[in-house]
Amino acid sequence: MSKIKYYYDTETCKYERIKVKKRDVVINALGFLSLALMLSVGIIVVLGQYFDSPKEAALKEENSELKLYYDLMKDQVDGMDAMLDVLQEKDDNVYRVVFEAEPIPETVREAGTGGALRYRELLESDMENKSLVVSALEKIDNVKKKMYIQTKSYDEIMALALDKERLYSSMPAIQPVSNKDLRRFSSGFGYRTDPIFKVKRMHYGADFSAEQGTPIYATGDGVVSKTISSTIGYGKHIIIDHGFGYETLYGHMSRFAVRPGQKVKRGEVIGYVGNSGKSTAPHLHYEVHINGVAKDPVNYFFKDLNAAEYEEILRLSSIENQSLGSYSYR
């Protein structure tokens, strides 16, 4: 029940009842509400400056956790990048040196992946931590690019390794006849006295004196490209193509043990010593060619000789004696 209020009227000397108009009630109520609203807004603003709402507190905690995970991820990416740098260093200075390959240029390894244009939409967004996100994505892209280049490099190294293995198997690396005591080596590479014309002429191979029928061995893996029978020059002789620019020639044979197109392995018997062609005694004339140029065969006897034996065969090769056959370089 509302309280009734009165006032004293001096003219009538009576207490008169106070009558409140509805308009006044409404104005008073609106004034009170406005004041209350202003006070509330002020309190909320003041509290907002010093205290977080539950939602804000939850978001800040979530952002803190995300920042922690970002730092952990960044450390891992940096570790991967450092590991890739070590692999690149070994690749350029060890693996590629061993296999005689050119290092990958630094400009290729450090080439960009698109720069700011790649992340334009992200940079133009309203995301609060977009710089952190872009930085992480750039780092990851850089690591991915390095990994791709390194993978391609290892593919190339693997191919070179396989070629290197085939090269070592194909390279002429043993003596073409059994010559453990080195007594069969009779004449080396260089100017020697021609046994027929008695003048010094270039001798493009090495002579091994041996009895007729002595086995002759392929000095490296390859394919028999020619078996030639002639009454002059090298007489019965075989040419083997070893690949990688290597060829070997075996002259003055008595008979063949292989045919053209046949694949042979190092140490496989390909024929037998004879005295065919322009030969003055049973022997094998042996030549090594690299890209069509005759080379000193003694430089390729390293696989079946120790250091002392190699020194001795070098000494024997340097003696300017008479060759056992007469012919010109083919």
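Reader: Let's start with Asp-221: is this residue buried or exposed?

Author: This is a predicted model, and the value to look at is the relative accessible area. A residue counts as buried when that value is under 20%. Asp-221 has a relative accessible area of 16%, so it is buried.

Reader: With which residue does Asp-221 form a salt bridge?

Author: For a salt bridge, look for a side-chain nitrogen of Lys or Arg within 4 Å of a carboxyl oxygen of Asp or Glu. Here the partner of Asp-221 is Lys-265, and their closest N and O atoms are 3.7 Å apart. Asp-221 sits in the loop between strands E7 (215–217) and E8 (222–228), while Lys-265 sits in the loop between strands E11 (263–264) and E12 (269–273), so the bridge ties together parts that are 44 residues apart in sequence. Lys-265 has a relative accessibility of 53% and therefore counts as exposed.

Reader: Strand E8 came up there. What does Val-224 touch within that strand's surroundings?

Author: Val-224 has its place in strand E8, and at 1% relative accessibility it counts as buried. Leaving out residues up to four places away in sequence, Val-224 touches Ile-238, Ile-239, Ile-240, Val-258, Arg-259, Pro-260, Gly-261, Gln-262 and Val-264. Take Arg-259 from that list: it is 35 residues from Val-224 along the chain, yet their C-alpha atoms are separated by 6.7 Å.

Reader: How many salt bridges does a search of the whole structure find?

Author: The search finds 7. One of them joins the side chains of Lys-146 and Asp-81, at 2.9 Å from N to O. Lys-146 belongs to helix H5 and Asp-81 to helix H2 (residues 54–98), so this pair ties together parts that are 65 residues apart in sequence. Both residues of the pair are buried.

Reader: What else surrounds Lys-146?

Author: Helix H5, where Lys-146 lies, covers residues 130–170. Lys-146 has 3% relative accessibility, which means that it counts as buried. Not counting residues up to four places away in sequence, its contacts are Asp-81, Leu-84, Asp-85, Gln-88, Arg-109 and Glu-110. Two of these names return when we look for linked bridges: Asp-81, Asp-85 and Lys-146 are joined in a network of salt bridges.

Reader: Which residue does Asp-181 pair with in a salt bridge?

Author: The side chain of Asp-181 meets that of Arg-183, at 3.8 Å from N to O. Asp-181 is partly exposed, with a relative accessible area of 49%, whereas Arg-183 is exposed, at 70%.

Reader: Where is Asn-291 found?

Author: Asn-291 is in the loop between strand E13 (283–290) and strand E14 (293–295). Its phi is also positive, about 50°, although Asn-291 is not a glycine. At 65% relative accessibility, Asn-291 counts as exposed.

Reader: What about a charged residue without a salt bridge: how far from Asp-207 is the nearest side chain of opposite charge?

Author: In such a case, look for the nearest opposite charge, then for other polar partners. Asp-207, in strand E6 (residues 206–209), is buried and has no salt bridge; Arg-192, the nearest side chain of opposite charge, is 8.0 Å away. The side chain of Asp-207 does make a polar contact with the side chain of His-203, at 3.3 Å.

Reader: Turning to the surface, which residues form a nonpolar patch there?

Author: Val-26, Leu-30, Phe-32 and Leu-33 do, and together they have about 430 Å² of accessible area. Leu-33 lies in helix H1 (residues 22–50) and is exposed, with a relative accessible area of 53%.

Reader: To finish, how many helices and strands does the chain have?

Author: The chain has 6 helices and 14 strands. Of its 330 residues, 32% are buried. Its accessible surface comes to about 21,000 Å², and carbon and sulfur atoms account for 59% of that. Among contacts between residues at least 6 apart in sequence, 66% join residues at least 24 apart.

How values were computed. Residues numbered from 1 in each chain as written. Predicted model: local features only at pLDDT ≥ 70, side-chain atom pairs only at ≥ 80, totals over all residues. Heavy atoms only, no water. Helix = DSSP H or I, 4+ residues; strand = E, 2+ residues; numbered from the N terminus. Buried < 20%, exposed > 50% of the residue type's maximum accessible area, 1.4 Å probe, protein only. Contact = heavy atoms within 4.5 Å. Patch = residues over 30% accessible without salt bridge, like charges linked within 9 Å, V, L, I, M, F, W, Y side chains within 5 Å. Areas by Shrake-Rupley, 256 points an atom, 1.4 Å probe, with all protein chains shown as cover. Lys, Arg positive; Asp, Glu negative; His and termini not counted. Polar contact = N/O pair within 3.5 Å; in protein donor to acceptor, adjacent residues only side chain to side chain.
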